[in-house]
Amino acid sequence: MLAETCATGRRLTRDELESRRALGGRAAEAGLSLRTLVQQHLATARSACPDLPRASFDHLLATVGQVIDALAEGHERAQLLAVRQEEAARREFIDDLLYGRSDPGNLAGRSERFGLLLSHAHAVAVAEGPDAYDDAHPATQRVRQALFGRFGNRRVLSTTKDGRLICVAPADQDDVLRHFAKQAHAATLGRVAIGRPHPGAGGVAHSYEEALNALDLATRMHLEGPVLHAADLLVFPVLMRDRQAMADLVHRALGPLRGARGGPESLLDTLTAYFDAGCVAAEAARRLSLSVRAFTYRMERVHQLTGADPADPVHRYTLQTAVIGARLLDWPANEL
């Protein structure tokens, strides 16, 4: 190509340029750097320089410029494709890992490539906030940098899924999840839930599901605090194990509140505040911005309608369980 272009002054053909692009792509796939390619082509060009007249030398430089541009284009294209393929493989692995959709043996074999050893038990932390977070979001980058800066190359997976920040860590490294929770809350001003540790490939999916359920419970139950632990919330899935029985309890214990003027919501809020305040009427009245007298009247109205006395220990337990069930079932907004 150099000999012809120096003699005729022509530009390189489309096929000649495509051959350089293909060469650049093969070099990238083989792990050769673009700098090496450029140096080799410039060395070839220099070897042809000494005997060339000025005009031919200008043609040579023009040809070298075209060749290097084509080499770089092919090299960059191959690298971009490799990055996209790697990202697609990583996203497929994450989906299979969090949803348990792949054969455990296959999943375990792929996990080492992404820094996990699924022969160990793992726990999952999930953070959500006002935004939908992806891998390019500034909050995601801040959290990843904070994890890497403190823990380096530990076998930890930090990613995103469905707009949430995710961290998967070995069960014996709960300091990683605590640090993730702290950094994620600071970056998103949202809430973080941590699932219980479980062994094996399926254990990650189980812990992830627990963390998601904890976030959902926090919303339904109006739980406070930036960090939730699924282990501390086991009572709620236990109560909901028999959903129909819980619905029957809510209907029987709280259904009569529909007879209240204006509907059951205000009296249900009164019971909720009473139980949340540790059954201390004065504190519950303060939370509802009511006088103690007005609060006491509402509690008497609950007793009249339901026949259950919140001051009686047996009745109190029934009412409190029913109030929890009402929150979980979103009653009375949803019919039972």
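C167 is buried, at 0% relative accessibility; buried means under 20% relative accessible area, exposed over 50%, and partly exposed in between (1.4 Å probe, protein chains only). This is a predicted model, where local features need pLDDT of at least 70, side-chain atom pairs count only at pLDDT 80 or more, and totals for chains, interfaces and linings use all residues. Residues are numbered from 1 along each chain as its sequence is written, and side-chain values use heavy atoms, with hydrogens and water left out.

**Strand β3 and its partners**
- Strand β3 covers residues 164–170, and six of its seven residues are buried.
- Helices (H or I, at least four residues) and strands (E, at least two) are DSSP runs, numbered from the N terminus.
- β3 pairs with strand β1 (residues 122–128) in the antiparallel sense, over six bridges; two strands pair if DSSP finds at least two bridges between them.
- C167 in β3 is the bridge partner of A125.
- β3 also pairs with strand β2 (residues 157–161), antiparallel, over five bridges.
- R164 in β3 is the bridge partner of K161.
- Two residues separate the strands in the hairpin of β2 and β3, where D162 takes a positive phi near 55 degrees.

**Cysteines**
- C279 is partly exposed, with a relative accessible area of 25%.
- The whole structure has zero disulfides, a disulfide being a pair of cysteine sulfur atoms within 2.5 Å.

**S111**
- S111 lies in helix α5, residues 104–111.
- S111 is buried, with a relative accessible area of 1%.
- Beyond its neighbours within four places in sequence, S111 is in contact (heavy atoms within 4.5 Å) with F93, L116, L117 and L118.
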